[in-house]
Each structure stands twice: as structure tokens, then as C-alpha cells.
Amino acid sequence: MLPLALLRGGQGHPVLVELKSGETYNGHLVQCDSWMNMHLKEVICTSKDADKFTRMLEVYIRGNTVKYLRLPDEVLEKAREYEVRKHERRNAGRGGYGGGGRGGG
């Protein structure tokens, strides 16, 4: 399973993001892109030393600053089910004789 598929499945769910700087952000994932840039809402930011807490309405996190990401277990299960269904759909039309193509006759 690809990390981006997992991350996209987490949209709308609470996430914990730790940055390379040591700060952590707890909030709800609104959107992410293929570079793992994330838009979070209802965020609580914790400083590196855990001595300051800041509440923010929205935060945009650049993907290359992310060190660690934690998603709820239900997101992992949902992503696994999606991957299985995707695999089944891909293989549903295959099989049988002479499906065309090179030498399929």
C-alpha cells in the first residue's frame, strides 16, 4: 500500500504530524497532495520542548518538513479495503481465450 493512498484515505480524520523541527500538530486532515503537503483544521500545535501550546483554525504543512505522521487505525483498514477492491476491479475483465492484443488471436 502506498503512503499517499493511506494519507488520502485519512482526509476528514484526526492526524498527528511531527515535523523535523520537533513541533507537533494535532488536527483534522482537510486535504493533501502528491508531495504530502497537508491542510489541517482545528489544530493544536505543541512546541519542540512541549512547553507551549497554540490553537489554530487552519495550518498548511509543507510535505518535506514532515518527520512522522500518525493516522487512526480505521483509516488503515479503510485503505486496505480500497486496495483490495481496486485490485479486484483491475482483474475482473481478464481471463478467457483470445482477448486481443499481440498474438491473442
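The model is predicted; local features need pLDDT of at least 70, side-chain atom pairs count only at pLDDT 80 or more, and totals for chains, interfaces and linings use all residues. Residues are numbered from 1 along each chain as its sequence is written, and side-chain values use heavy atoms, with hydrogens and water left out.

**Fold**
- The chain holds 2 helices and 5 strands. Helices (H or I, at least four residues) and strands (E, at least two) are DSSP runs, numbered from the N terminus.
- Their order along the sequence is α-β-β-β-β-β-α.
- Take contacts between residues at least 6 apart in sequence: 45% of them join residues at least 24 apart. A contact means heavy atoms within 4.5 Å.

**Burial and surface**
- The chain has 105 residues, and 27% of them count as buried. Buried means under 20% relative accessible area, exposed over 50%, and partly exposed in between (1.4 Å probe, protein chains only).
- The accessible surface of the chain is about 7800 Å², with 51% belonging to carbon and sulfur atoms. Areas come from the Shrake-Rupley method with a 1.4 Å probe; for residues, only the protein chains shown count as cover.

**Charged patches**
- Patch residues have over 30% relative accessible area and no salt bridge, and like charges are joined within 9 Å. A salt bridge is a side-chain nitrogen of Lys or Arg within 4 Å of a carboxyl oxygen of Asp or Glu.
- Lys and Arg count as positive, Asp and Glu as negative; His and the chain ends are not counted. Each charge is placed at NZ of Lys, CZ of Arg, CG of Asp or CD of Glu.
- Asp-73, Glu-74, Glu-77 and Glu-81 form a negative surface patch. Glu-74 sits in helix α2 (residues 73-92). Glu-74 is partly exposed, at 49% relative accessible area.
- A positive surface patch gathers Arg-85, Lys-86, Arg-89 and Arg-90. Arg-90 belongs to helix α2. Arg-90 is partly exposed, at 46% relative accessibility.

**Strand residues**
- Arg-55 lies in strand β4 (residues 53-61). Arg-55 is exposed, at 71% relative accessibility.
- Leaving aside residues up to four places away in sequence, Arg-55 touches Val-43 and Ile-44.
- Thr-46 lies in strand β3 (residues 38-46). Thr-46 is buried, with a relative accessible area of 11%.
- Beyond residues up to four places away in sequence, Thr-46 touches Glu-23, Thr-24, Lys-52 and Phe-53.

Technical notes:
Patch = residues over 30% accessible without salt bridge, like charges linked within 9 Å, V, L, I, M, F, W, Y side chains within 5 Å.
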